[in-house]
Amino acid sequence: MKLDVQDNDDRLFVKIGGQLLYSEADHFKEEVLPKIGQHSTVTVDCGDLQFIDSAGTGAIVRLWKECRMVGAELELIRVIPEVQKLLHLTRLHQLAKVSGIDDTA
Amino acid sequence: MAENESKTKSFETNNLNAVDSSTEIAKLKKQLEQERFSTEKREKIMAQSLQESKQMSAHLQQITQELAKERKVALEKSETERLLWKLIERINSSFDLEHILQSTVDELGNYFKVDRCGIIIPSYKSSRDLVREYATGEWKRKQETYSQVSLSALYRTVTETFKPLIINDTITHSLTAGHLSEDLRSILMVPLVQYNDELVGVVYLHQCRNQRNWTEHELSLLQAAAGPIATAVEKSKLFNKAKSWASREKLLNRLTSRIRGTLNINVILERTVAELGQALQASRCFINIIDHKTTRERISHEYAVNKTELIGTGKENPLIINKIAEKDEECISIADIYKEPRLVKLNNKEIEQLYKTNARAFLAVPITFQRNLYGWLCFHQCHVPRNWTNEEISFIQSAASQVGVAINQAEMVGQLTEYQTKLSRELKQAAQLQSVLLNAGADTNKNLPIAVSYHPHHNVSGDFYWISELAPHVVAILIGDVSGKGPAASLLTGYIIGEMKGLLENQATSWHPEKFLTALSDSICEQNQHSDFYATAWYGIFNLIEGKVLCSNAGHPSPCIIKDGNVSRLNDDPGVPLGLFSVNDALGNYVVKEFKLNPSDRMVIFTDGLTEQRELDGKFIPESWLIEALRAHKNSPINELPEEIIRKLNMVSKAAPADDDRLVVAIEMLETKTIEFDEDGQNYINEKIKAILEDAASHGLPKNLEASLKLGLVEALYNSFRHGLKKAGSDNDSNAKVTLSWWVKESAISCTIKDPGPGFNWQTTIQNKSKIKDVDILSEGGRGLPLLFEIFSKVTWNPKGNEIGLTMNW
């Protein structure tokens, strides 16, 4: 998993690549959650995220919960169809704003 | 004599003229005296002769008269004989009485030179008189008129007295004076009497307008003619009787053979009433059927001659005349209702009902079978009386007896049909029940290519099979055959299925074929104390990953194994059939055999319906046919193999009907691949999954399913790492590994992932987590199992819960 977290004023920009699996889920949470702070928006760029499993979706749910606690909005952008399919299957699109890779292009 | 007298006178004259003397005179006187004397003598002689001649003449005259008289008698006799011969010849030349009578009256009429000559044969056929009349010119009468002669007082006089009636003048005769409307003057009527003094009719002569004195000769001639006429009537009656007897026998035979030939009671009875009605020339013939539940009678079938009104089929029609009969009377017959004294037993309403039918004569014969009264076979003769003869009654009784047989037969057929329908319905229900019972085990969608062909011989079958996944890569197959067929065998099958389910759920038996069969046998034996049923069975456990089968055989035909194209019978050491011995009997134990199976090896398990089939001629087909058939179809796809085998059996048996249930189960071993993951396995999990995906893709896995398969495998593997390997690692088992085995079959990939952990209670867990939509959206975990159910078409575990089996179909 490749992870790049950037703090842009009120927006936390997280760029994730590779796979978000059980083995990477804890690392993802450790890296991102503490940085949410007072941002009004947390944007996760999933353009390079190729694969995600149930543990990965669990990490997303955790991220959404943290955002909600600070009043931040979570958005997942540039999500590839395969990942988007799982997010829909697990109904995560009802929690976070999800947009596909084609939508942002 | 006149010539002699003239000669004498001439001599006397000559003598007086020529002689004068006295001597001469004396001489002459003397001569004269002599002459006188001689003459006197001659005269005397002549007188005597004349007297004699007269006497002779009188005698001759007397003789002549006698001769003439004799000649007249002879002539009359000859005339009589000639007439009689003529009549006899006619009689002998034909059996047609009507024709004989007509020609006889014509002959007699001409002979006697009368105005009419007629013959009356009363009640010749049924109640009809046969009357034939000869008449001349104006004295011809319509047939309707002379047909009524039998009703006349003259006719009755003759038939009552058996004596001839001679009326020379009807005007003066006491019987006819003032009674005759027509100009009939002289009547001669003679009875026709049979040899047994039975009256058969009368013959009569009528002289019209001019009075005629009947001579003795005419009377005797008519009496003589009466003999042959009576004979002709008797002969004709006998002939008709024989004919009628023959036709009734024929009818009875027809009725009997119809009853034997058809079970359609309606056809039988409909034809019976028509034919009996016609045979008896009755106005009506019908069958009154008694409803045993209500004791009501109704007409089931009816026949009526033209112009006779039908009473009405289906109409309720109590047999009124039954009330006038004595108890246990063999039949009820009324010759003429107007003269029936027993009618006093009926009330006015009942009599009125009888009159309504227009019947004068009634005949009712009971229809019985083995003392059961089914109804009545009834006949009506309308408008005219009729004496039902003993022959007719006897014939109808025979027919009624056959009708009784037919009705009884129909009742039995009805009961049998009802029973069959009920049985068939119950068998159908039993078959449905059996199908439901067996259905759970008939699912061939297992991690092993299995194909089944099942052809029950009856609705319910004694053959059964059960396929169960003991573990994702372990498939147990039970195949059995209960002795006997039909419902009883089916019930035992049901019992075995129930027992078997319990034994399959118990790992102590389900994983050990010999223990499984022993326990099953013991259970059947316990329940089978009072019957002689038993069952054969074969139980095998196929392990795909280890490539082996463990099996035990309880008296069942050994399966065939196809290895590298070679077909052989499995040497599985069959034991005794199930149910014969209990665990306490040493003989009841079974041995377990293990056979190695390579990828593509096949096993064909079957019941004895395949090996004990007969050809059309009854000979058993040698068992070798199966080996040959499997050899011939070794390259057939596994899912087609069982049906191919059945088809082949039909061919070798020359399409003989199946002797037994036919059940074939075919299994094909697959090539499995295995990867082991140790503690570091998570690091190369992607790489290994990639290899699996490539393998599946090479077997046709669609591109759009690759991500799902990957996700499923990742989820399952991480579960094993997380819950199995970690646990094992914490128990200091350094050799602990997660094993992933997979095999790709047509349109499907199956895999098993086994971890060294303690497993989990998957039965409880999946109750609430089998659907992703049921997972709390805010929950951070718990999506793994639901995702597996979402992705794979089948998710199974071993009982322990440390091995998961996943199958994806495409």
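Modeller: Among contacts in chain A between residues at least 6 apart in sequence, 72% join residues at least 24 apart; two residues are in contact if their C-beta atoms, placed from the backbone, lie within 7 Å. This is a predicted model, in which local features need pLDDT of at least 70 and side-chain atom pairs count only at pLDDT 80 or more, while totals for chains, interfaces and linings use all residues. Residues are numbered from 1 along each chain as its sequence is written, and chains are lettered from A and ligands numbered from 1 in the order in which they are written.

Chain A contains five strands and four helices, where helices (H or I, at least four residues) and strands (E, at least two) are DSSP runs numbered from the N terminus. Their order from the N terminus is β-β-α-β-α-β-α-β-α. Chain A has 105 residues, of which 44% count as buried, a term that requires 20 or more other C-beta atoms within 10 Å of the residue's own, with C-beta atoms placed from the backbone.

As for the partner, 18 residues of chain A are in contact with 17 residues of chain B. On the chain B side, helix 16 (706-730) and helix 18 (784-791) each supply at least two residues. Helix 16 of chain B gives the largest share, seven residues. By class, the side of chain B that touches chain A comprises eight nonpolar, six charged and three polar residues; here Ala, Val, Leu, Ile, Met, Phe, Trp, Tyr, Cys and Pro count as nonpolar, Asp, Glu, Lys and Arg as charged, and the others, Gly among them, as polar.

Methods: A residue is buried if 20 or more other C-beta atoms lie within 10 Å of its own, exposed if 12 or fewer, and partly exposed in between; C-beta atoms are placed from the backbone.
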